[in-house]
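My notes are kept in the order of looking.

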Amino acid sequence: MTEIISDLPENFLDELGLNNVMKNVLVEQINRFNALKERRIFNKNINFDDNGNIIFPAGSIIHGTSNCDMDKIISIAESGILTGQALGIGEDGESYYCADFHKVSKDISVSEYNSCFSYVDGRCPFGTRGKFSLAFVVQPDPEIDELLSYDCYKTNTPNGKVAHAFTNDLPLSEEVASSILYGVPSSAISGIVMGDSLLKKPEIVKFLLDLFPDCYIISKTGNLIYDPKCKGFSNQEVIEIRRNSYLKDLQIEELQRQLGYKTKELERSNSKYDKLMQGIVDACDDLQAALILLASGWQGDEESTIKYVTSIRDKKANKTR
């Protein structure tokens, strides 16, 4: 068996009673991982479509983590995105010895990906539930093709079939998920997507910048917060401008939503009030209806209130013609 160049928990290879063939496969993948870990030559580019929108290239894989667990993020920065067994954590029953990712099956704008994201457990910043989550993006690159080929979901490829031996029934399809044997080194991470609530905290942004200075940072709708290729003493100021601009957009959207709710409530209230007024007009003459309104707190004098009642009666008469 090839030597493992790694610091792993005791009895790591024996935790689930792997046979010798599976142990050899896993050891080879670990050594492949460690060889890549020390190299920082992977694709860090931000990709744009013809309209200037940031896109995820087809084949990108995305790993979400909830609640911005500082220790976990530091571990990812130092070691990579690893299977739980490598960290002394029991892995779930679906993908032993593997690290799980969402998968992008076609070139797609970040905004569109966010809109169609339907996996709602809150561990990713996309969709509606991951406000306190963030995600690490690994983009396609020839340097990591072999490592990523050991994907449990790729059962139509030789390496995928080998990796699949480490799993039970997988819950998702190859189009939307990947599960990489052992994991992916931090040097392969291209970018970070931050949930809206995390973006409100400048200290979290700085924390991520310090750990991942060569990775871009974006919002879940593709707003660029940090571009690693934009260096210079004023870069922090640029980051704050972009962050605050996005947060103001969020405030405007929230105000628009609240305005929509209030408008609907007002429409419902007016509808009920109009029906009530029509009932009063049917049962009373103009003076009686006006006196009822004034007794109910209507703001106005008797003359103007009678005119209002007359206008309601006229509108009703016009509708019935």
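The entries below go from confidence to strands, then to cysteines, the pocket and single residues.

**Ground rules.** This is a predicted model, in which local features need pLDDT of at least 70 and side-chain atom pairs count only at pLDDT 80 or more, while totals for chains, interfaces and linings use all residues. Residues are numbered from 1 along each chain as its sequence is written, and side-chain values use heavy atoms, with hydrogens and water left out.

**Confidence.** I started with pLDDT, the predictor's confidence in each residue, from 0 to 100. The chain averages 85, and 89% of the residues score at least 70. Where is confidence lowest and highest in the chain? The lowest mean, 77, belongs to helix α8 (residues 235-283). Strand β6 has the highest, at 97. Element names follow DSSP runs: helices are H or I with at least four residues, strands are E with at least two, and numbering starts from the N terminus.

**The open sheet.** Next I looked up strand pairing, which here requires that DSSP finds at least two bridges between two strands. In general, strands of a sheet pair through backbone hydrogen bonds, either parallel or antiparallel. I found 3 strands in an open sheet, ordered β1-β2-β6, with antiparallel pairing. β1 (47-48) and β6 (108-109) are at the edges with a single partner strand each, so one side of each has no neighbour in the sheet. β1 is joined to β2 (residues 54-56) by 2 bridges. Across that pair, phenylalanine 48 faces isoleucine 54 of β2.

**β3, β5 and β8.** I then followed the pairings of β5. It pairs with β8 in the antiparallel sense over 5 bridges. β3 and β5 also run antiparallel, joined by 2 bridges. Which residue of β5 is the bridge partner of isoleucine 62? It is histidine 102. Histidine 102 in turn has alanine 177 of β8 as a bridge partner.

I checked burial next. Buried means under 20% relative accessible area, exposed means over 50%, and partly exposed lies in between (1.4 Å probe, protein chains only). In β8, 5 of the 5 residues are buried, so the strand is largely enclosed by the rest of the structure. Both faces of β8 are covered, with Ala177, Ser179 and Leu181 on one side and Ser178 and Ile180 on the other. For β5 the count is 5 of the 6 residues, so this strand is largely enclosed too.

**Cysteines.** A disulfide is a covalent bond between the sulfur atoms of two cysteines. The rule used is a pair of cysteine sulfur atoms within 2.5 Å. That gives 0 disulfides. Cysteine 98 is buried, at 1% relative accessible area, and stands opposite leucine 181 in β8. Cysteine 116 is partly exposed, at 49%.

**Largest pocket.** I used a 1 Å grid over the protein atoms alone; a pocket is an open set of points with protein on both sides within 12 Å along at least five of seven lines, and lining residues have an atom within 4 Å of a point. The volume is the space filled by probe spheres (1.4 Å) set on the points, which are joined across faces, edges and corners. The largest pocket comes to about 750 Å³. It is lined by 36 residues, and closest to its centre are His63, Gly64, Lys72, Asp100 and Arg123. Elements that each supply at least two lining residues include β3 (61-66), α2 (70-79) and β5 (98-103).

**Positive phi.** Most residues other than glycine have a negative phi. Tyrosine 97 has phi near 60°. This residue is in the loop between β4 and β5 and is buried, at 0% relative accessible area. Tyrosine 182 has a positive phi of about 70°. Its place is the loop between β8 and β9 (183-184), and tyrosine 182 is buried at 3%.

**Aspartate 210.** Last, I looked at aspartate 210 in helix α7 (residues 202-211). Is this residue buried or exposed? Aspartate 210 is exposed, with a relative accessible area of 52%. Its C-alpha atom is 10.0 Å from that of alanine 77, 133 residues apart along the chain.
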